Every structure is written in structure tokens, then in C-alpha cells.
Amino acid sequence: MVRVLLIEDDPAVAEGLALGLRRQGYTAQVRHSGEEGLTGVAEFDPDLVVLDVMLPGIDGFEVCRRIRQAGTLPVIMLTARDEDMDIVVGLEAGADDYVVKPVQSRVLEARIRAVLRRADSATPAGRREVYGDLTLDRTALTVSKAGRSVPLAPSELRLLLALSAAPGRVFSRGQLLEAVWEHPFLGDSRLVDACVKRLRIKIEDAERPARYIQTVRGFGYRFGPL
């Protein structure tokens with residue numbers, strides 16, 4: 001069974017979502033604070049975390065950062081309102097997706113399935129590619145830079161693999177949103193832009209312009225390398 005950890009301080013919301021997920025065949029546990037959530041990650045060893053932004057003690061943004069620092073565990077953020085800043089900060093902290101509350105359990109379950117499918121999916125071509133000091137292994141699904149392993153979250157890895165599958169091709173944000181997150185494009189490019197920002201931090205050189213993931217102003221992004 002897929003294990004889902006819900007970190008949500010509102011008991012009614014948390015138990016309602018947990019009950020709905022259990023009816024769908026998931027094993028779901030609930031924690032009500034950031035501290036409890038981090039302990040739950042260690043003790044419950046979930047396959048995915050659903051994480052509220054507003055938590056007592058350690059807030060959801062910091063919880064997400066700590067989860068991401070420790071590995072690639074998928075995280076879906078819950079935001080109380082469709083607030084641009086909350087969503088952007090959550091995505092930049094490393095969240096793989098976000099859902100605006102109130103949310104029905106079947107909607108959340110669909111997003112969970114999509115995130116897990118992306119995390120588990122293998123790429124069609126198995127090969128090792130070298131671009132300058134960046135190496136992509138499409139069989140092992142690993143990335144290294146200058147000989148050192150680069151840990152990427154599932155959405156970051158899928159984005160890099162999608163862009164690098166066609167070097168030089170310009171992908172619109174809408175195309176990337178559908179290819180990587182399986183979302184229809186409705187004018188919201190925050191998932192894409194935040195993921196590009198995180199990915200650049202990990203694979204680009206801070207002291208020089210972006211070499212591998214280049215912005216094509218007014219269109220989207222393409223994979224170099226320059």
C-alpha cells in the first residue's frame with residue numbers, strides 16, 4: 001500500500017482527507033505540527049507527504065526545505081488560499097505540486113497518483129549523455145556534475161530529462177507543464193518557473209549565465225549547452 005503522511009493542523013480537515021484516502025486504498029497517517037510532521041517522516045517512512053503551509057511551530061515551508069535537503073520524497077503543498085506568494089515560496093522550497101484548499105479527497109488522490117507516477121516512471125531511452133561537465137544517465141535516472149552526484153527531486157529530474165531529450169528545441173511553459181506535471185495549461189506557469197529556478201541552482205555555475213537551461217524570452221525554455 002502507498003503510505004501518505006498528512007501534515008495539517010486542522011483536525012477536521014486532516015481526518016477528512018485521511019479517511020477519503022484510506023477508502024481509496026492508501027495507508028494514511030496524520031500529524032498536526034511541523035515538528036510532528038518531521039518526526040512522522042522518519043518514523044512512518046511515507047511514499048509521499050501532503051503538507052499544509054500554515055502550521056504551528058515550524059511552518060510548512062521550512063518542513064518542505066528539510067524534507068528536500070534529506071532526499072527526494074515527493075511533497076504536495078496545501079495552501080488555504082490561491083495566494084501567489086505562498087505558492088511560489090512553497091515551490092521554491094522544493095514542493096512537487098500544490099493544491100488550493102478546500103480540496104476534496106478524490107481531487108487530492110488524483111494529484112497524489114500523478115506525482116507518484118512521475119516519480120516512478122522510467123524514461124523510454126536508456127543511455128548516458130554527457131554535456132560539458134553535466135552527465136545524465138537515462139537508465140539509472142541519475143545526474144552528476146563534474147563527477148559529483150546531483151540529487152534532484154522527481155519533478156526536477158523529469159524537467160531536465162524532458163528538456164534534454166531535444167537539445168535546442170524551445171518548449172513553452174504550457175508544454176512543460178503538461179509533459180512534466182500532467183496539468184493542462186491554464187495560464188499558470190509558477191510550477192515550471194519555480195522548478196527551473198531550483199534546477200539551475202543545482203546544475204548551473206553561480207558565477208556565470210545559465211549554460212544548460214536557457215530562457216527564450218516570450219516563449220519558454222530550451223536545453224543548451226552553450
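Predicted model: local features only at pLDDT ≥ 70, side-chain atom pairs only at ≥ 80, totals over all residues.

## A tour from ring to ring

Y212 is buried, with a relative accessible area of 1%.

What does Y212 pair with? Y212 and F223 form a stacked aromatic pair, with 6.1 Å from centre to centre and 20° between the planes. The pair links distant parts of the chain: Y212 sits in the loop between helix 8 (190-203) and strand 11 (213-216), while F223 belongs to strand 12, and the two are 11 residues apart.

The structure holds two aromatic pairs. A pair of aromatic rings is described by the distance of the centres and the angle of the planes. The table puts these values side by side.

| Ring pair | Arrangement | Centre to centre | Angle between planes |
|---|---|---|---|
| Y212 and F223 | stacked | 6.1 Å | 20° |

Through these ring pairs, Y131, Y212 and F223 are linked into a cluster. Is F223 buried or exposed? F223 counts as buried, because its relative accessibility is 1%. Y131 counts as buried as well, at 15% relative accessibility.

## A buried arginine

Now look for R138, in the loop between strand 7 (134-137) and strand 8 (142-145). R138 is buried, with a relative accessible area of 6%. Which side chains does the side chain of R138 make polar contacts with? One is the side chain of E129, at 2.8 Å. Another is the side chain of S164, at 2.6 Å.

## An annotated aspartate

Next, find D52 in strand 3 (residues 48-52). An unreviewed UniProt entry carries the annotation "modified residue: 4-aspartylphosphate", and this annotation covers D52. In the model, D52 is buried, because its relative accessible area is 2%. Leaving aside residues up to four places away in sequence, D52 touches I7, E8, D9, G60, L78 and K101.

For another kind of setting, visit E36 in helix 2 (residues 34-44). E36 counts as partly exposed, because its relative accessibility is 38%. Between E36 and V49 there are 13 Å in space, C-alpha to C-alpha, and the two are 13 residues apart in sequence.

Finally, step back to view the whole chain. The domain assignment gives domain 1 (3-120) and domain 2 (128-223). How far apart do the C-alpha centres of domain 1 and domain 2 lie? They lie 24 Å apart.

At the meeting place, 19 residues of domain 1 are in contact with 15 residues of domain 2. The size of an interface is often given as the accessible area lost when the parts come together. Between domain 1 and domain 2, the buried area is about 1500 Å², and carbon and sulfur atoms give 54% of that. On the domain 1 side, L91, E92 and R118 supply 39% of the area that domain 1 buries against domain 2, more than any other three residues.

Terms used: Residues numbered from 1 in each chain as written. Heavy atoms only, no water. UniProt positions renumbered as here; feature names shortened; annotations may be inferred. Helix = DSSP H or I, 4+ residues; strand = E, 2+ residues; numbered from the N terminus. Buried < 20%, exposed > 50% of the residue type's maximum accessible area, 1.4 Å probe, protein only. Contact = heavy atoms within 4.5 Å. Phe/Tyr/Trp six-rings, centres within 6.5 Å; stacked < 30°, edge-to-face > 60°. Polar contact = N/O pair within 3.5 Å; in protein donor to acceptor, adjacent residues only side chain to side chain. Domains from an automatic or database assignment. Buried area = accessible area lost by both parts, 1.4 Å probe.
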